[in-house]
Structure formats: structure tokens, C-alpha cells
Amino acid sequence: MLRRSLLAALAATALAGGTLPAAAQETVKIGLIIPLTGPFTTTGKQLEAAARLYMQQNGTTVAGKKIELIVRDDAGRAENTARIAGELIQNDKVSFIAGFGLTPLAMATAPIATNAKVPMVVMMAGTSIITERSPYIVRTSFTLGQSAVVIADWAAKNKIKKVVTLVTDYAPGHDAEKSFVDQFKSKGGEIVESIRVPIQNPDFAPFLQRVLDAKPDALYVFTPSGQGSILMKQFIERGLDKSGIRLIGTGDITDDDILNGFGDAAIGVVTAHNYSTAHPSPKNQEYVAAFKKANPSLRPNFASVGAYDGMHLIYEALKKTNGNTDGDALLAAMKGMKWESPRGPMSIDPETRDIVQTIYIRKVEKKDGELYNIEFESFPDIKDPVKAAKK
Amino acid sequence: MLTILFDGIAYGMLLFVISCGLAVTLGLMNFVNLAHGAFAMLGGYCAYVLVNFYGMPFFASLPVAFLFAAMIGLLAERSLYVHFYNRSHLEQVLFTIGFVFMTSALVDYFLGSQQRFINLPSYLQGRFDFFGVGVGKYRLLIILVCALIVIVLQLILGHTRFGSRLRAAVDDQRVARGLGINVNWVFALTFAAGCGLAGLGGALGAEILSLEPHFPLKFMIYFLIVVSVGGTSSITGPFLASILLGIGDVAGKYYAPRFGGFVIYTIMIVVLVLRPQGLFTRGTSK
């Protein structure tokens with residue numbers, strides 16, 4: 001696997017390195033690699049819809065060049081992502097690769113971006129370490145640590161003293177657990193227990209029973225967005241809500257896209273995250289209306305703004321370099337860029353190329369017959385805490 | 001403690017209903033059917049569509065899910081499976097795995113890849129305390145329905161003409177044919193019934209196992225463990241194995257969450273090392 005991606009990367013370097021300097025191209029191509037089939041299809045659909053919406057709203061000509069979006073499906077499998085990235089760079093001569101619905105997909109592609117010197121815009125994956133894997137990676141989504149630290153602060157301030165954490169046992173889950181535990185302990189909270197559940201986990205019942213018997217003030221949860229619903233159902237079924245245990249977590253568990261399918265069970269869940277469909281800014285209301293108009297069956301979620309802002313970053317970087325597609329020039333243009341997104345103010349940290357943004361505390365409420373994450377507190381300018389802790 | 005036992009039994013019962021059909025095809029008909037979970041998934045989605053889209057009551061949807069899965073099973077058996085009975089096991093594996101991928105893709109195409117839940121009536125939700133033991137209403141229902149199915153199955157196999165024909169066909173196919181038993185039809189009906197039970201299990205289990213297009217692959221390993229641990233020569237073997245696995249899985253995850261996922265595999269390895277023919281077989285017949 002590693003050898004294959006290295007080979008692909010080498011081939012990519014040889015070809016792309018030879019052609020890029022002769023950059024008299026009239027079109028600039030962006031390769032969007034996302035899961036459009038398989039278990040993470042919903043994420044891919046959101047990413048694609050938002051990227052297309054941005055192009056529709058802002059035109060397809062930037063700095064005198066025509067922008068072309070090439071969408072490819074990796075089915076959520078890392079070996080596909082790396083192969084497709086290599087193909088896009090070699091054959092289609094794309095100037096950007098973007099997308100990356102899951103952490104392993106971004107990790108597998110990082111060496112290819114490095115070798116080909118092509119900017120890689122991570123629009124979804126949220127593990128801290130990703131941006132360290134290549135100097136050409138920029139992130140417009142979020143890191144799990146950002147949300148975890150903020151919800152830990154909030155919990156400590158709101159009379160939650162004892163917490164059990166429950167995370168899915170893979171890299172983003174470990175980030176979500178560590179950031180929360182460190183922060184919560186530093187504020188004087190107590191972690192009764194940290195449970196990690198296998199990623200292929202059919203039934204949460206035994207884990208939840210354990211939580212019930214441990215009698216904490218709150219249960220802190222991170223799961224990939226699809227699994228949140230079953231966890232929440234079983235949380236209610238087992239009567240954890242009635243025994244006074246609060247459910248808190250990162251915003252992945254109350255994903256706006258599927259929140260309505262949870263039913264009233266989800267009402268009252270408190271989470272921290274970077275984006276809510278219900279964010280009250282005019283910019284966001286305009287965004288949600290346009291998004292729903294173009295995609296009547298979807299409700300924009302945090303994945304969608306990652307893609308929307310990723311496209312914005314690409315457009316603005318091209319404007320700054322005056323259409324120059326040299327990877328290093330584009331990266332220099334992207335570092336430190338600031339703008340107003342539908343989610344609120346955000347910027348790219350010039351040192352880490354990671355995202356700096358406001359994190360909101362939200363509570364699930366019913367509004368006009370639909371469930372929304374209603375924001376009620378905000379923590380501005382949050383950087384990735386995992387990288388900050390390394391210094 | 002008792003709550004864990006209760007949850008484990010409910011989980012085990014569910015595993016049994018879904019996988020007992022597999023015990024028949026794999027053990028009795030000597031056919032490696034990895035697509036068994038696909039029928040469970042189809043039954044689950046059938047109930048989901050009927051209840052959520054057409055407002056059918058949940059209880060009425062269960063027999064429909066059974067019939068639907070059984071019919072698809074019968075069709076598949078007569079049109080596809082029948083050509084593979086005399087092929088090598090490798091070919092059977094390749095065929096059934098391909099079948100799984102196709103059903104997954106079809107479901108994904110028509111109903112999307114999100115997890116689906118069947119709308120349950122409110123009296124089945126929540127739980128009550130029974131002498132200090134927390135009893136989930138829905139899990140109690142699962143135990144009752146499955147217990148009923150086990151009794152009915154046992155009666156059919158032991159006390160009806162069809163049951164004796166099936167047992168005869170399994171014990172010695174050639175002699176059974178010589179006595180005028182239509183072995184092909186006995187197997188076809190048994191296969192269909194097994195698929196139907198899987199479908200019923202899928203509909204019942206949608207709430208707990210989570211219904212999605214990758215259901216058959218996700219649970220294939222559980223079904224195979226039930227069959228390999230339980231042996232395939234009777235109903236009681238897989239039944240006891242399912243209960244053992246259900247309790248082992250739930251208790252393992254409760255008492256040692258870090259290693260909980262491994263408990264059932266450990267049980268399987270130990271059983272297979274000590275008794276390679278399965279835990280509950282009555283001697284070896286051949």
C-alpha cells in the first residue's frame with residue numbers, strides 16, 4: 001500500500017514537475033475527491049453540492065483563468081483516494097486537490113501532494129495531525145480538538161463535575177477524547193471513565209449500561225456522524241436521560257444533515273461545533289437558502305461549509321497570485337488569509353496551515369417542526385489545541 | 001448484572017433467528033452461503049418501507065417481512081443458487097459474496113446509505129423496572145418472539161411429515177430420493193424458510209443492529225460464528241451458541257470495554273480448538 005502510493009507519487013512528481021512551470025494554461029483545474037458511494041455518501045453529497053454552489057455564485061473565471069471542477073468518487077477508501085489524486089495530477093494536470101471526507105483518506109494522499117507540490121485543501125477530515133503530514137495541506141473544516149476543548153470548558157462551568165467519555169476507537173476519536181479529558185481535568189473536573197468502542201460496533205447497549213451504572217453528571221460522546229443516531233436512541237431507550245445524565249459531545253453526533261431523522265430523542269443534547277444550519281448571521285441565512293434551492297433534499301451541514309470555504313480559499317489564493325498556479329506561491333497566498341464564512345469569521349493559521357475559527361455551544365431544539373442546533377454561546381478564535389499543546 | 005444478562009439473551013435470540021437459516025444451508029445442504037445477511041437486510045428494509053412510508057402497523061409488518069424475504073429467497077434459490085450446489089466451495093463463496101455486493105448497491109441506490117430506523121409504536125419504547133432489573137420493552141419483545149419461533153421450529157422439525165422428510169434428506173440424500181422424497185423441493189422450501197426467518201430477524205433487529213446497506217457484510221462474521229460454534233446438526237446447537245455469544249459479547253463489552261470486541265472471537269477460537277465439529281453436536285454421523 002505504502003509502496004504503491006509512493007510509486008504513484010513519484011510518477012506524479014515526474015510528470016507534474018515537468019509541466020507545471022510551463023503554466024500558460026488557460027484553465028485551472030480543481031480535483032475534488034470525495035466519497036460518493038459507500039457508507040459516507042452523505043458527506044460526499046454535501047461537499048459536492050457546496051463546492052458547486054460556490055462556483056455558481058461566484059462565476060467560473062478567476063484572475064483571467066477559467067476554473068474547472070473535476071469530481072471523483074473514492075468510495076471512502078484510502079487506496080482509491082491516493083490513486084485518484086495521482087491520476088488527477090498526472091493526467092488531468094489539476095492545480096489543486098480538495099475534498100477528503102475522512103482522516104485516513106487525507107493521510108494517504110499527503111505524500112502525493114508533497115511530491116507534486118500541489119496544494120491540498122482538506123474540506124472535511126478533522127484529525128489534528130493531518131496538516132503536519134505535508135507542507136502543502138491547508139484545512140478549511142475543523143479539528144476535533146477545537147470542539148472538544150470548548151465543550152469541556154462549557155461543561156466545567158455548568159456544574160458538570162463527573163464525566164464518562166465514550167469515543168469511537170480510531171484517530172479522530174482519540175483526538176476528541178484526549179483534548180476533552182486534558183481540558184476538563186485542568187478545570188477541576190473528574191473523568192470517571194474513558195470508554196473506546198470499536199469502529200464496527202453494532203450495539204451500544206453494554207457500553208451505555210456501563211455508563212448508567214457509573215452515574216456521571218454527563219456522558220461525552222464522539223462518533224462518526226452516521227453512528228450518532230443509534231447511540232442517541234439507545235441512550236433514551238436505556239433511560240439514561242431520566243436518570244439525570246446529560247449527553248454532551250462534539251457536533252458530529254448532531255449532524256444537521258441527519259438530525260431530523262433522530263426524532264425528539266435528540267432534543268436538549270448540548271454539543272460544540274463550528275457550524276450550525278441555524279447560525280443566525282445574514283451571510284448564513286443567504287447560504288442556507290441558496291443551498292436548499294439548489295439541493296431541495298439536503299440541509300447544509302458542517303461538511304458543506306468546509307467545501308464552500310475551501311472553494312473560497314482557492315478562488316482568493318488565485319486572485320492573490322494573479323492566476324499563477326505554482327504550488328508554493330499559492331500556499332504563501334493562503335497562509336494567514338481571513339474571511340467571513342457562513343459559519344462566522346475564520347482564518348488560516350500562517351504557522352500550521354490549520355483553521356482558526358469560532359466554536360459555538362449549541363443545544364438541539366425544535367423550530368418550525370424541524371430539529372436544529374441552536375447556538376447560545378460562542379468561543380472566538382479557537383486554534384487547534386492538539387498542536388498548541390505540542391509546543 | 002441481571003440487566004446485562006437480559007440484554008445478552010435478547011441479542012443472542014436475535015442472532016439465532018437471523019442465522020438459523022444459515023445453519024440449514026451451510027450444515028444440512030453443504031452450501032457456503034455468505035449472502036445470508038442480505039436476506040435479513042431485505043426483510044428489514046421491507047418492514048422499514050411498509051411502516052414508515054405506508055403507515056402499516058409494526059406488528060403487521062413482521063410477517064410481511066418474513067414472506068418477502070422468503071419469496072426472494074425462493075426465487076434466488078430456484079434461479080441462481082441451484083446452479084451452484086455441485087460446484088466447489090470457492091465458487092460458492094465468490095458467487096454469494098458477489099450477490100451481497102449487488103444487494104448492497106441496489107439498496108444504496110433506491111433507499112440511500114443512511115442508517116434507517118423503523119418507527120416503533122410508543123408502547124414499545126423505553127423500559128421498566130422488574131424487581132430492580134431494568135427491562136427494555138423492545139428487547140423483551142424480541143425475546144418473546146424469538147422464543148416462540150424456536151418452539152415452533154422444534155415442533156415442525158420433530159413432529160411433522162415435512163420435518164421428518166427434511167431430516168431424512170439430510171441424513172442420507174440418496175436413500176431419501178429412493179424413497180420418493182422430492183429432496184430438491186424440501187431443500188428449496190427449507191432455504192426459503194431460512195431466508196424468511198432471516199428477514200424477520202432483520203426487521204426485528206433494525207432497532208438494535210442498525211439498518212444500512214452494509215448490514216450483510218457487517219454481521220456476516222457473527223452469523224458464521226454462530227454456525228461454527230453451534231454446529232449444524234440440530235436447532236439446539238446454534239440456539240445455545242447464539243445465546244452464549246450474545247451474553248458473551250454484551251458482558252464482555254460491559255465488564256472490559258477495552259477488550260469487549262474480542263470476547264466473542266476468543267470464545268470461537270477456544271471452541272473450535274477444543275471441539276472442531278462445534279459445541280453441541282451429537283457425535284459424528286459420517
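A:Thr27 lies opposite A:Lys66, a residue of strand E3 of chain A. The model is predicted; local features need pLDDT of at least 70, side-chain atom pairs count only at pLDDT 80 or more, and totals for chains, interfaces and linings use all residues. Residues are numbered from 1 along each chain as its sequence is written, and chains are lettered from A and ligands numbered from 1 in the order written. Strands (E, at least two residues) and helices (H or I, at least four) are DSSP runs, numbered from the N terminus.

Strand E1 (27–34) of chain A pairs with E3(A) (65–73) in the parallel sense, over eight bridges. Pairing requires at least two DSSP bridges between the strands. E1(A) also pairs in the parallel sense with E4(A) (96–99), over four bridges. There, A:Ile33 has A:Gly99 as its bridge partner. Six of the eight residues of E1(A) are buried (20 or more other C-beta atoms within 10 Å of the residue's own, with C-beta atoms placed from the backbone).

Between the chains, 28 residues of chain B contact 23 residues of chain A (C-beta atoms, placed from the backbone, within 7 Å). The largest share of the chain B side, four residues, comes from H1(B). That side has 10 nonpolar, 12 polar and six charged residues (nonpolar: Ala, Val, Leu, Ile, Met, Phe, Trp, Tyr, Cys and Pro; charged: Asp, Glu, Lys and Arg; polar: the others, Gly among them).

Within chain B, H1(B) packs against H10(B) at about 140°, with axes 7 Å apart. Axes are lines fitted to C-alpha atoms over the stretch in contact, and angles run from 0 to 180 degrees between N-to-C directions. The contact of H1(B) with H10(B) has 17 nonpolar, five polar and two charged residues.

Definitions and conventions
Contact = placed C-beta atoms within 7 Å. Buried ≥ 20, exposed ≤ 12 C-beta atoms within 10 Å, placed from the backbone.
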